[in-house]
Amino acid sequence: MKLQVAIDLLTTEDALELAGKVAEYVDIIELGTPLIKAAGLSVVTAIKEAHPDKIVFADMKTMDAGELEADIAFKAGADLMTVLGTADDSTIAGAVKAAKAHNKGVVVDLIGVEDKVTRAKEVRALGAKFVEMHAGLDEQAKPGFDLKGLLSAGAEARVPFSVAGGVKVATIGDVQKAGAEVAVAGGAIYSAADPALAAKELRDAIA
């Protein structure tokens, strides 16, 4: 299982600093949607140039103009970009078309999708490299939130999937047991007193 760090900081400088600390322990470096909106896609280029051996993930959360937005992300240096699962099939297909042209990949983010199992199968058929079983920061803040729903949906869908939303040392073993290809950790790394140590502990917790 791969480990992905989600960088939800707001400047290119801070993103580069964090990536530099944790790169040796992670496989995928994700530039979060707030970061891309605040710093622009130049942050994707900067991270890819600094870490050419890592998979760089642009969390675009595209909802329309799939081919165009994917093309922009891939030209900036992204290896993977996201389209929302609630987008029209034609939007996802357009992004996949751009991905094929660049030999890159599209991840479909199922945040806000009620029937994640059905939609996961549908978007995989449209050409998604994998789907992201994702609970956003707002959902995670609700009382009683846990990862069980995401993990069961991933296991049931039987398509390649990642899990994002409260992944930490205590839960990453469950993520792996559910069959996820990628565990996405954000706050568990970037909010830690020692992000490098936090990333190492997550890496070590992957069986």
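Contact means heavy atoms within 4.5 Å. Helices (DSSP runs of H or I, at least four residues) and strands (E, at least two) are numbered from the N terminus. Everything below comes from a predicted model, where local features need pLDDT of at least 70 and side-chain atom pairs need 80 or more, while totals for chains, interfaces and linings use all residues. Residues are numbered from 1 along each chain as its sequence is written, and side-chain values use heavy atoms, leaving out hydrogens and water.

**View 1. Helix α4 and its buried side.**
Start with helix α4, which spans residues 66–76. Look for their cover in α3 (42–50), β3, β4 (80–84), α5 and β5 (105–109), among others. The face turned away from the buried side of α4 carries L68 and K75, which are exposed.

**View 2. Helix α1 and its two sides.**
Helix α1 covers residues 12–22, and T12, A15, L18, A19 and V22 are its buried residues. They span an arc of only 130° around the axis, so they share the same side of α1. On the other side you will find E13 and G20, both exposed. The cover over the buried residues of α1 includes β1 (2–7), β2 (28–31), α2, α3, α10 and α11 (195–205).

**View 3. The largest nonpolar core, and another one apart from it.**
A nonpolar core is a set of buried Ala, Val, Leu, Ile, Met, Phe, Trp, Tyr and Cys residues joined through side-chain atoms within 4.5 Å. The largest one has 63 residues, and V44, M81, V106, M133 and V163 have the most contacts inside it. Helix α5 (residues 89–102) gives the largest share of this core, five residues. To explore around V106, set aside its neighbours within four places in sequence: V106 is then in contact with F74, M81, V83, A95, V96, A99, A128, K129 and F130. Another core lies apart from the largest one; its nine residues include L80, F130, A164 and V184.

**View 4. T171 in helix α9.**
T171 belongs to helix α9, residues 169–177. At 17% relative accessibility, T171 counts as buried. Beyond its neighbours within four places in sequence, T171 is in contact with L147 and G166.

**View 5. The largest pocket and its lining.**
A pocket is an open set of points on a 1 Å grid where a 1.4 Å probe fits, with protein on both sides within 12 Å along at least five of seven lines; lining residues have an atom within 4 Å of a point. The largest pocket has a volume of about 440 Å³. Among its 27 lining residues, D8, H134, G136, L137 and Q140 are the closest to the centre. Two or more lining residues come from each of α2 (33–39), β3 (55–62), β6 (130–134), α7 (137–140), β8 (182–185) and α10 (187–190). The largest share, four residues, belongs to α7.

**View 6. The second largest pocket.**
The second largest pocket holds about 160 Å³ of space. Its lining is made of K2, I28, I55, D79, L80, K104, G105, K129, F130, E181 and V182.

Terms used. Points joined across faces, edges and corners; volume = space filled by probe spheres on them. Buried < 20%, exposed > 50% of the residue type's maximum accessible area, 1.4 Å probe, protein only. Arc of directions from axis to C-beta.
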